[in-house]
Number of protein chains: 2
Amino acid sequence: MMKILIVGGNGTIGSKVRDHLSKKHEVITAGRNSGDVNVDMRDGRSVKAMLEKTGKVDALVCTAGEAKWADFDAMTEEDFYIGIKSKLMGQVNLVSVGKEYMNPGGSFTLSTGILADHPVLMTTSAAMVNGAIHSFVKAVCLELKNQIRINVVSSGLVEDAVDHYQDYFPGHNPIPMKKVVNGFVKSIEGAGSGEIIRIYDNC
Amino acid sequence: MMKILIVGGNGTIGSKVRDHLSKKHEVITAGRNSGDVNVDMRDGRSVKAMLEKTGKVDALVCTAGEAKWADFDAMTEEDFYIGIKSKLMGQVNLVSVGKEYMNPGGSFTLSTGILADHPVLMTTSAAMVNGAIHSFVKAVCLELKNQIRINVVSSGLVEDAVDHYQDYFPGHNPIPMKKVVNGFVKSIEGAGSGEIIRIYDNC
């Protein structure tokens, strides 16, 4: 049994990951306004405060992080920084601070999405931060110590978000939640590191 | 003959691109402290001021941008923001502001590097911003109007930087400058858009 912290553990994807992992593991959820502990991952000090509360973990999972969706013509510099601070540096902060609270052999599992590889309209920022995390994971896995691993799950449009997002993803096949959850299980219970676990369908 | 603006046109790569393109085209160079015009691409207003001076162009090339190299353990949040503000958002600013100064059918050519795909030690930040630009280019090419194209040249360790960087890139084959220059020519004089022009050797 592992002690697993899920940042964003009450979100669309996080809640399914949480429910599955809870069957075998001790799961702690974190969120900005919900969960067992609160955290604003944009702030390294908040991440540290969260981990002081939870203590050391065997796995830290992130299913949180936002980025602004808008036409490129309408995107300001400030709009780009929403995603940079949240989905990009928020996840970097989790690894940077979290590595000191990770048990040997533990793992980080970050989240991105298909936009990194196959963007759609209005996703210059979302694609950018997702691609940034893919390369970050490949780079940081070379430097983590104590057999600590890191992977990232990059899923296509998930089943549970289809109602809200399908118009933005013409022709994308929804990814069953069970497959998304398995991406996280592969990272957490598997042995790989530096992997971009792509869960795409027709591309 | 095209009117081509090269930001970073006096750097290691930029100067070779400039020399080659000058044989056929009108080339203007820009840099923070050198070149025909000055620009701090981290600041959108500075980019706009530069383009007000040059007027409309047929191609905007960026061979500038920095990111901090350091062990991940030593990297602070502020250190990550050096690369985010310069190599990442600096290039986004060039496209965001520059699209209003681009003649129809013109092109942007950005620069990244092999670290996006094959990072080495101490490059969590450099890898990250390079990967971010790759996904940004794929996303923004869907939205540019007036047949404006965008590509990015991602080169391995270039011949002219070998003396300085070879110890960081064990076993990497230096990329001849002529091949690097051809990457830019392919983007500027070719017809493709949304391409990541990878100039790698043994990977």
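How many residues of chain A are in contact with chain B, and how many of chain B with chain A? There are 39 residues on chain A and 39 on chain B, contact meaning heavy atoms within 4.5 Å. This is a predicted model: local features need pLDDT of at least 70, side-chain atom pairs count only at pLDDT 80 or more, and totals for chains, interfaces and linings use all residues. Residues are numbered from 1 along each chain as its sequence is written, chains are lettered from A and ligands numbered from 1 in the order written, and side-chain values use heavy atoms, without hydrogens and water.

**View 1. The interface of chain A and chain B.** About 3,200 Å² is buried between the two chains (accessible area, 1.4 Å probe, lost on being put together, summed over both). Carbon and sulfur atoms give 64% of that area.

**View 2. A salt bridge between B:Asp73 and A:Lys99.** Their side chains meet at 3.5 Å, N to O.

**View 3. Helices on the chain A side.** α3 (77–98) and α4 (124–140) of chain A each supply at least two residues of the side that touches chain B. Helices are DSSP runs (H or I, at least four residues), numbered from the N terminus. α3(A) gives the most, with eleven residues.

**View 4. Residues lining the largest cavity.** A:Ile114, A:Gly156, A:Leu157, A:His172, A:Asn173, A:Ile175, A:Asp201 and A:Asn202 form the lining. On a 1 Å grid over the protein atoms alone, a cavity is a set of points where a 1.4 Å probe fits but cannot get out; lining residues have an atom within 4 Å of a point.

Conventions. A salt bridge is a side-chain nitrogen of Lys or Arg within 4 Å of a carboxyl oxygen of Asp or Glu. On a 1 Å grid over the protein atoms alone, a cavity is a set of points where a 1.4 Å probe fits but cannot get out, and a pocket is an open set with protein on both sides within 12 Å along at least five of seven lines; lining residues have an atom within 4 Å of a point.
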